[in-house]
Amino acid sequence: MAEELIRDEFSKSRLIQFIESLDLEGRPWLFKWNQHNPNSWPMKKTWRMWMSETAEWMAARGATMPLCMKGGKPYGQRPFNAQDAHELFVSQHVGLDANGERYKTASGDKGVMLQMMDQHLAWATERGLFLTVPGEGEFMKLKQGGEQ
């Protein structure tokens, strides 16, 4: 089954080309239209800020990453950083797809991002890590809107 994500007018023309390329003559057609609610730049910035704060907190408690593997064993180490935290927590909070790929925050859905951020905020709070939450940010607006 082929899927195509439509985001703009250019994508609509690509969809038309895609449909025309299919050999659908004499077969029933079924097209599924999903409304995509993409992540916003402010939510992604808040997430990345949280990953920096989390990485700093974890590194201060001794978290490190192996530099390389030799014979299946870690060899050397480097400090845990924000990108490591991003990879770890996106995989942990959202999971991996059938191909072992993690959720893509850059192109993902705002609802999934909000749920992931909620989970991370709870995880951090349980451990005594108090993350910076912008009071006027989109994350708080969505949280307050959902609680009403």
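# Values against cut-offs

Student: Why is arginine 48 called partly exposed?
Tutor: Arginine 48 has 37% relative accessibility. Buried means under 20% relative accessible area, exposed over 50%, partly exposed in between (1.4 Å probe, protein chains only). So 37% makes arginine 48 partly exposed.

Student: What kind of model is this?
Tutor: The model is predicted; local features need pLDDT of at least 70, side-chain atom pairs count only at pLDDT 80 or more, and totals for chains, interfaces and linings use all residues. Numbering starts from 1 along each chain as its sequence is written, and side-chain values use heavy atoms, without hydrogens or water.

Student: Where is arginine 48, and what does arginine 48 touch?
Tutor: Arginine 48 sits in helix 2. Helices (H or I, at least four residues) and strands (E, at least two) are DSSP runs, numbered from the N terminus. Leaving out residues up to four places away in sequence, arginine 48 touches Gln83 and His86. Contact means heavy atoms within 4.5 Å. Arginine 48 and glutamine 83 are 35 residues apart in sequence, yet 8.6 Å apart in space, C-alpha to C-alpha.

Student: How do you know that the length of helix 2 agrees with expectation?
Tutor: Helix 2 covers residues 41-60, which is 20 residues. The expected span is 1.5 Å times one less than the number of residues.

Student: Which residues of helix 2 are buried?
Tutor: Among them are Met43, Lys44, Trp47, Trp50, Met51 and Trp57. Just after helix 2, glycine 62 takes a positive phi of about 100 degrees.

Student: Why is threonine 105 called buried?
Tutor: Its relative accessibility is 8%, so threonine 105 counts as buried. Threonine 105 lies in the loop between helix 3 and helix 4. Beyond its neighbours within four places in sequence, threonine 105 contacts Asn39, Lys44, His86, Val90, Met113 and Met116.

Student: What makes helix 3 and helix 4 roughly perpendicular?
Tutor: The axes of helix 3 (residues 82-94) and helix 4 (residues 110-126) come within 10 Å and cross at roughly 105 degrees. Angles under 35 degrees count as roughly parallel, over 145 as roughly antiparallel, 65 to 115 as roughly perpendicular and the rest as oblique. Therefore helix 3 is roughly perpendicular to helix 4. Axes are lines fitted to C-alpha atoms, for helices over the stretch in contact; angles run from 0 to 180 degrees between N-to-C directions.

Student: Which residues make that contact?
Tutor: Helix 3 supplies Phe89, Val90, Gln92, His93 and Val94; helix 4 supplies Val112, Met116, Gln119, His120 and Trp123.

Student: How do you know that strand 1 and strand 2 pair?
Tutor: Pairing needs at least two bridges found by DSSP. Strand 1 (residues 64-70) and strand 2 (residues 73-79) have 6 bridges, in the antiparallel sense. Proline 66 has glutamine 77 of strand 2 as its bridge partner, and threonine 64 has proline 79 of strand 2. The hairpin has 2 residues between the strands, and glycine 71 takes a positive phi near 65 degrees there.

Student: Why is strand 2 said to lie largely in the open?
Tutor: Strand 2 has 7 residues, and the number buried is 0, so strand 2 lies largely in the open.
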